[in-house]
Amino acid sequence: MPKILFCGKGGSGKSTLLSLLALHLSETRDVVVIDTDESNTGLARMMGLDPPGQTLMDFLGGKDSVRRKMGPRGAPGESRAFFPAAGVAGGSFPGVCESARGRIRLASVGKIEHAHEGCACPMGVLARDVLGNVPAGADRWVLVDTEAGIEHIGRGLLEGMNAVVVVVEPSHDAVALAGKIVKLAAGEGRRCLAVLNRVADGTESLLKEALARVGIETAATLANSQAVAKANLLARPLALEPFRKEIGKLAEALER
Ligand SMILES: Nc1ncnc2c1ncn2[C@@H]1O[C@H](COP(=O)(O)OP(=O)(O)OP(=O)(O)O)[C@@H](O)[C@H]1O
Ligand SMILES: [Mg+2]
């Protein structure tokens, strides 16, 4: 399952989970991380990477430039080619847009930089183009971080994906959103797995039951961890070790 979209409620732990999985997978294969979150900027640091020098959107001249290139054909489902075949489709990003450490490479689609900069359609179209074209395989997995909620699914980001990991914290809203995501993913023929995060005493079985009712298999469970909270606050890389077993279970479930 080499192309995986991380989804879920705001603050549920999508970026944290993606980073832990990237650290785990990169011990044995290449990992390409694509950040499609237009607001948050902390993903690279979670894996010990510097943020890339430029976003792909900025490299292409900014949102207005991409909007013009989209022209009237920028409708959902429209496939574009913003980068030449030798670029993203060949597996490389412009050097200034890429940050690397070990076998992890990261590129960011674009960030909101200005008040009144307009709708996010160009970001969605560019993300879909990059995700659809970046090559993946058993030796190169592509992990995609998303903004909270499901707007990106509405914009067609599932198109190029093999599977969806839904990160679920112990809350009714998180379960309800997971139910919605699994339906949308199933409608596109995509597999959906849940990871429970920040689970505290007594909530794990309740959460699993609730997710089973909405038709999602739970692949792994991460406890609430002070070490994770502290690393985030200090912008330090996450330590995989305490979560190795559960992240390994997630990787295995994705490989099935
Ligand atoms: N298992 C955990 N234990 C403790 N804190 C956690 C855990 N998982 C995530 N956090 C903390 O919760 C906060 C949100 O995590 P993260 O940024 O990964 O969520 P997100 O779903 O990507 O958020 P957003 O929707 O804003 O993108 C961070 O401060 C992170 O360190
Ligand atoms: Mg995030």
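Helices (H or I, at least four residues) and strands (E, at least two) are DSSP runs, numbered from the N terminus.

**Ground rules.** I am working with a predicted model, where local features need pLDDT of at least 70, side-chain atom pairs count only at pLDDT 80 or more, and totals for chains, interfaces and linings use all residues. Residues are numbered from 1 along each chain as its sequence is written, chains are lettered from A and ligands numbered from 1 in the order in which they are written, and side-chain values use heavy atoms, with hydrogens and water left out.

**Entry: positive phi.** I looked up R198 and found it in strand β7 (residues 191-199). R198 is not a glycine, yet its phi is positive, about 55°. Its relative accessible area is 43%, so I noted R198 as partly exposed (buried means under 20% relative accessible area, exposed over 50%, partly exposed in between, with a 1.4 Å probe and protein chains only). A235, also not a glycine, has a positive phi of about 55°. I placed A235 in the loop between α9 (226-233) and α10, and it is partly exposed at 44% relative accessibility.

**Entry: two glutamates.** E246 sits in helix α10 (residues 244-255). Is E246 buried or exposed? It counts as buried, because its relative accessibility is 16%. Leaving aside neighbours within four places in sequence, I found E246 in contact with A220, T221 and L222 (contact means heavy atoms within 4.5 Å). Its side chain reaches the backbone nitrogen of T221 at 2.8 Å.

Then I turned to E38, in the loop between β2 (30-35) and α2 (43-46). E38 is buried, with a relative accessible area of 6%. Beyond its neighbours within four places in sequence, E38 touches G110, K111, I112, A120, M123, E147 and R155.

**Entry: a helix pair.** How do α4 and α5 pack? Helix α4 (residues 63-70) and helix α5 (residues 121-133) meet at an angle of about 70°, their axes 9 Å apart (axes are lines fitted to C-alpha atoms, for helices over the stretch in contact, and angles run from 0 to 180 degrees between N-to-C directions). That makes α4 roughly perpendicular to α5, a label for angles of 65 to 115 degrees. On the α4 side I listed K63, V66, R67 and M70, which meet C121, P122, M123 and V125 in α5. By class, this contact has six nonpolar, no polar and two charged residues (Ala, Val, Leu, Ile, Met, Phe, Trp, Tyr, Cys and Pro count as nonpolar, Asp, Glu, Lys and Arg as charged, and the others, Gly among them, as polar).

How values were computed. Polar contact = N/O pair within 3.5 Å; in protein donor to acceptor, adjacent residues only side chain to side chain. Parallel < 35°, antiparallel > 145°, perpendicular 65-115°, else oblique.
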